[in-house]
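Here's a quick briefing to read alongside the model. Take a look at the structure first, then go through the notes below.

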There are 2 protein chains.
Amino acid sequence: MSKKIQKRDAEASKALIISNAIQLFSKKGYASSSMDELAKLCGLNKAMVFYYFKNKKGLYEAVMTQVLEEIQQVVLEENVKYTKPIEELESFIRTYAKYACTHPYLPSLLLKELSDSGAVVPEMLFGAMRQLFALFSDILNRGEEKGCFHDTNPMVLYFMVLGALNLMVTTKPLRVAASQKEDIVLDTCAACDMTEIADYIVDKMKKMLKEPK
Amino acid sequence: MSKKIQKRDAEASKALIISNAIQLFSKKGYASSSMDELAKLCGLNKAMVFYYFKNKKGLYEAVMTQVLEEIQQVVLEENVKYTKPIEELESFIRTYAKYACTHPYLPSLLLKELSDSGAVVPEMLFGAMRQLFALFSDILNRGEEKGCFHDTNPMVLYFMVLGALNLMVTTKPLRVAASQKEDIVLDTCAACDMTEIADYIVDKMKKMLKEPK
DNA sequence: CCTAACTAATCAACTGGTTAGTTAATTATA
DNA sequence: TATAATTAACTAACCAGTTGATTAGTTAGG
């Protein structure tokens, strides 16, 4: 039996709050996001936010958990299609890039949190991010064992890839604005789309890992 | 004539406010930094902040300008010692890494601002960052003309380098905490120091740019 | 099948505390 | 003494979180 449309639906209200909170937190940051504004965006009473999520931090944790679990699931799901480390690495980068581009709140939330060592939710941040980095790390380690990768430092390489991809997404408006008034000499890659950028990074990663130290 | 110690010294008060504001903004972010707390940190009356910087945003702009101009000056000063693009690139990375490590408020402030396309001060951000990126871009372009670099995309490479370096600084406490409870398999590079990391990135950059596409 | 009792979801109005920013008076210095 | 620097006290808006009442669905008993 399909769920009939109800005036009162706890799950729907909860999901509505989270989905608006994702937008608000990613746009304004944790401190500047007002629960009054959020309630107005949802068309619900502010007390509902506290009824379902206890407090602001609780809501934020729920938001971060959902967002991080989603990207992890997408990347992991794509990863199982490949067996060779090189292909897995390619898949990782391309899948993340595509998702980050179509869900720009992810780079925004992630960079905000990482720029402060998890100021709001330090205890759960690395836990929630562990899986994704663990996969990346594992791909590189297996590649090194098999002899197709050389001199890998997973943590640094992870931040090179994620740093570049995330920053290319979050700075897009800034780069477009700059390209319009800036001298033509300085190319801010304003016209590049994320697929090209992913291609470029994949190519450079291969070159980085090909030869031994 | 040396400046004698005065009870009232506008320049000294201004500098005191900026220096405390750098710490506060980098630690708590723009929205969570209170001007009452700042005044207390400085041992000055809160009205002085508004007397010298008009409003909170004005102070923040002054902070960002000073911080960005300082790193630019340091990198540019070091750059003039070299002539070959490869050496210049090495110098850029090593100098930035060293400065970021000894002045960790820089990565924090920069990532916070870039994670939001300059939410607080968009109009001045790219202007203030232009010089640094212009130098990086110029090094790569000259290298390509001379034939020592190949297939360069300055914007993406810039974010790969700065993204990795800045994230390695800001996530340090998180990575150290993770290494203590995490399984041993997952290496978060908690013991690495920034000099090693800079060496690693320099080496990888050379490999990336060596061969043509 | 109807209704009374119960539970879960929703709301308006409030509270105590904090915030950026102002003002008018006061002090030090050149 | 004129002016620049400094202060205490204030305001108006905002914010996270609470409370007590109310409504909509659900269930059980007659």
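A polar side-chain atom of A:Lys46 sits 2.6 Å from a base oxygen of DNA strand D; a polar contact here means a pair of N or O atoms within 3.5 Å, where within protein one must be able to donate a hydrogen and the other to accept it, and residues adjacent in sequence count only if both atoms are side-chain atoms. Keep in mind that this is a predicted model, where local features need pLDDT of at least 70 and side-chain atom pairs count only at pLDDT 80 or more, while totals for chains, interfaces and linings use all residues. Residues are numbered from 1 along each chain as its sequence is written, chains are lettered from A and ligands numbered from 1 in the order in which they are written, and side-chain values use heavy atoms, with hydrogens and water left out.

**Around DNA strand D**

- In total, 23 residues surround DNA strand D, with A:Lys46 and B:Ala10 among the closest (near means a heavy atom within 4 Å).

**Where chains A and B meet**

- Each chain puts residues into the contact: 56 from chain A and 56 from chain B (contact is heavy atoms within 4.5 Å).
- The two chains bury about 4900 Å² between them, 67% of it on carbon and sulfur atoms (buried area is the accessible area, 1.4 Å probe, that two parts lose on being put together, summed over both).
- On chain A's side, A:Met160, A:Leu174 and A:Tyr200 lose the most area to chain B, together 13% of what that side buries.
- The interface has five salt bridges (a side-chain nitrogen of Lys or Arg within 4 Å of a carboxyl oxygen of Asp or Glu), and A:Lys210 meets B:Glu211 in a salt bridge at 3.3 Å, N to O.

**A closer look at B:Thr188**

- B:Thr188 lies in the loop between α9 (172-181) and α10 (194-210) of chain B.
- B:Thr188 counts as buried because its relative accessibility is 2% (buried is under 20% relative accessible area, exposed over 50%, partly exposed in between, with a 1.4 Å probe and protein chains only).
- Residues touching B:Thr188 include A:Phe126, A:Phe133 and A:Met155, not counting residues up to four places away in sequence.

Key. Helix = DSSP H or I, 4+ residues; strand = E, 2+ residues; numbered from the N terminus.
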